[in-house]
Amino acid sequence: MKIVDARVVLTSPGRNFVTLKVETDEGVTGLGDATLNGRELAVVGYLRDHVVPLLLGTDPYRIEDTWQALYRGAYWRRGPVTMAAIAAVDVALWDIKAKVAGLPLYQLLGGASRERVRTYGHASGRDIPELFDSIRARLAEGYPAIRVQTGVPGLERVYGVHHGATPDGARPVVEDWDTGAYLRSLPGVFDAVRQEFGPELTLLHDAHHRLTPIQAARLGKDLEPYDLFWLEDCTPAENQDGLRLVRRHTTTPLAIGEVFNTVFDYQTLVGEQLIDYVRSAVTHFGGVSPLRKLFDFAAQHQIKSAIHGPEDISPVGMAAAIHLDLAIHNFGIQEYAGHTPLTHEVFPHAYTFTDGYLHPGEAPGLGIELDEELASAHPYEPAYLPINRLQDGTIHDW
Ligand code: CS2
Ligand code: MG
């Protein structure tokens with residue numbers, strides 16, 4: 001079997017997605033997600049101009065060799081653009097191999113280790129009443145675990161709290177931040193949530209890279225009475241050593257890694273068990289092949305998976321994640337923010353979301369297709385992620 005065509009499809013059914021479609025001389029096709037929120041066009045160019053020409057005429061069965069050739073052959077290794085492009089190829093080739101085998105992908109990854117995949121959903125509110133309504137809405141959808149994000153007193157636009165319409169996307173929205181106000185208010189939010197919803201509900205929170213190690217240590221300690229499932233991205237973790245300080249001060253479980261794209265980003269964090277969950281997504285970590293290796297490394301240190309699953313991971317990336325989630329032993333939890341109805345139409349899929357749990361389905365391959373005609377009716381729209389500034393105007397981590 002040979003690869004005879006590979007197309008990059010850029011579509012925007014409510015938000016931008018980059019999809020690679022690989023075609024073989026025997027008519028079998030495979031899909032991969034290459035969506036990099038806010039930098040989609042960089043990956044489109046990398047794929048179209050530098051990767052697709054290298055794929056034509058190659059054997060789609062040689063997944064590992066193709067992966068190594070794209071990773072080592074680029075010379076300039078790692079990074080979100082490169083690894084998203086490689087991920088799309090890797091996933092498309094796994095899709096093809098599983099389709100030819102007539103098996104759902106998870107069967108090629110060792111078969112099912114569980115019956116279904118537990119998820120967590122997003123709840124947010126500018127204030128406590130709005131937050132409670134959002135939590136109740138997620139509970140009504142069956143989510144067994146809920147991420148809680150709220151406004152911060154004195155701030156207008158804060159991460160994770162919907163603040164209505166945003167500009168046309170031609171330039172980043174500027175959000176504002178005040179770490180002191182955040183640290184003073186968040187424990188009270190979780191106290192109110194526990195008072196209202198009780199001690200059993202699984203709660204998570206995303207600090208979204210904004211704290212210094214000592215601030216993260218303080219927050220982790222202050223949240224201990226509220227028994228969080230995890231505190232996520234408590235500090236920008238390029239400085240992996242900084243997590244040693246956090247770990248010394250708190251038993252609140254830590255989740256890190258959605259912006260990481262190779263195992264080297266985790267070496268200290270996993271090797272010294274400084275975290276409890278690894279957060280990388282198939283799409284941003286180079287595909288199924290390297291992510292399953294990361295999970296094996298994590299398992300040696302009793303660390304579990306928690307694949308990143310916001311709405312900017314396309315249904316193709318989500319389908320690949322769910323197959324991995326079902327198969328690996330050290331599964332932790334799967335983030336699932338869902339997608340718009342139109343997105344589900346553009347990407348018809350076999351995976352199901354029922355009462356807070358996902359299942360990949362039994363269709364051969366990933367179990368997902370791309371309606372290219374519908375996709376073409378919704379062209380790319382320029383869109384940036386927000387940026388964050390402190391009260392004095394200093395740029396801060398978003
Ligand atoms: C967030 C993401 O879901 C999460 O944990 O960190 O929503 C993140 O903000 C976006 O994926 C950025 O594109
Ligand atoms: Mg996050």
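At what angle do helix 3 and helix 10 pack, and how far apart are their axes?

## Helix 3 and helix 10

In this predicted model, helix 3 packs against helix 10 (residues 288-299) at an angle of about 95°. The axes of helix 3 and helix 10 are 8 Å apart. Angles from 65 to 115 degrees count as roughly perpendicular, and helix 3 and helix 10 are therefore roughly perpendicular to each other.

On the helix 3 side, the residues that make the contact are Asp90, Val91 and Trp94. Helix 10 contributes Val288, Ser289 and Arg292. Sorted by class, the contact of helix 3 with helix 10 has three nonpolar residues, one polar residue and two charged residues.

## Helix 1 and helix 3

Helix 3 (residues 80-101) also packs with helix 1 (residues 40-55). The angle here is about 50°, and the axes are 9 Å apart. Helix 1 and helix 3 are therefore oblique to each other. Their crossing is right-handed.

From helix 1, the residues in this contact are Ala42, Val43, Tyr46, Leu47, Val51 and Leu55. They meet Val81, Thr82, Ala84, Ala85, Ala88 and Val89 in helix 3. By class, the contact of helix 1 with helix 3 has eleven nonpolar residues and one polar residue, with no charged residues.

## Helix 6 and helix 7

Another packed pair is helix 6 (residues 179-197) and helix 7 (residues 213-223). The angle between helix 6 and helix 7 is about 15°, and their axes are 9 Å apart. Angles under 35 degrees count as roughly parallel, so helix 6 is roughly parallel to helix 7. The crossing of helix 6 and helix 7 is right-handed.

Helix 6 makes the contact through Thr179, Tyr182, Leu183, Arg184, Leu186, Pro187 and Phe190. The residues from helix 7 are Gln215, Arg218, Leu219, Asp222 and Leu223. This contact of helix 6 with helix 7 has seven nonpolar, two polar and three charged residues.

## The two domains

How is the protein divided into domains? Domain 1 covers 3-104 and domain 2 covers 108-361. The C-alpha centres of domain 1 and domain 2 lie 26 Å apart. Each domain gives 32 residues to the contact between them.

Together, domain 1 and domain 2 bury about 2300 Å² between them. Of this buried area, 64% is on carbon and sulfur atoms. The residues of domain 1 that lose the most area to domain 2 are Pro13, Asp33 and Trp94. Together, Pro13, Asp33 and Trp94 account for 24% of what the domain 1 side buries.

How values were computed: Residues are numbered from 1 along each chain as its sequence is written. Chains are lettered from A and ligands numbered from 1 in the order in which they are written. This is a predicted model: local features need pLDDT of at least 70, side-chain atom pairs count only at pLDDT 80 or more; totals for chains, interfaces and linings use all residues. Side-chain values use heavy atoms; hydrogens and water are left out. Axes are lines fitted to C-alpha atoms, for helices over the stretch in contact, and angles run from 0 to 180 degrees between N-to-C directions. Helices (H or I, at least four residues) and strands (E, at least two) are DSSP runs, numbered from the N terminus. Angles under 35 degrees count as roughly parallel, over 145 as roughly antiparallel, 65 to 115 as roughly perpendicular and the rest as oblique. A crossing is left-handed if the near helix is turned anticlockwise from the far one by less than a right angle, and right-handed if clockwise. Contact means heavy atoms within 4.5 Å. Ala, Val, Leu, Ile, Met, Phe, Trp, Tyr, Cys and Pro count as nonpolar, Asp, Glu, Lys and Arg as charged, and the others, Gly among them, as polar. Domain bounds come from an automatic or database domain assignment. Buried area is the accessible area (1.4 Å probe) that two parts lose on being put together, summed over both.
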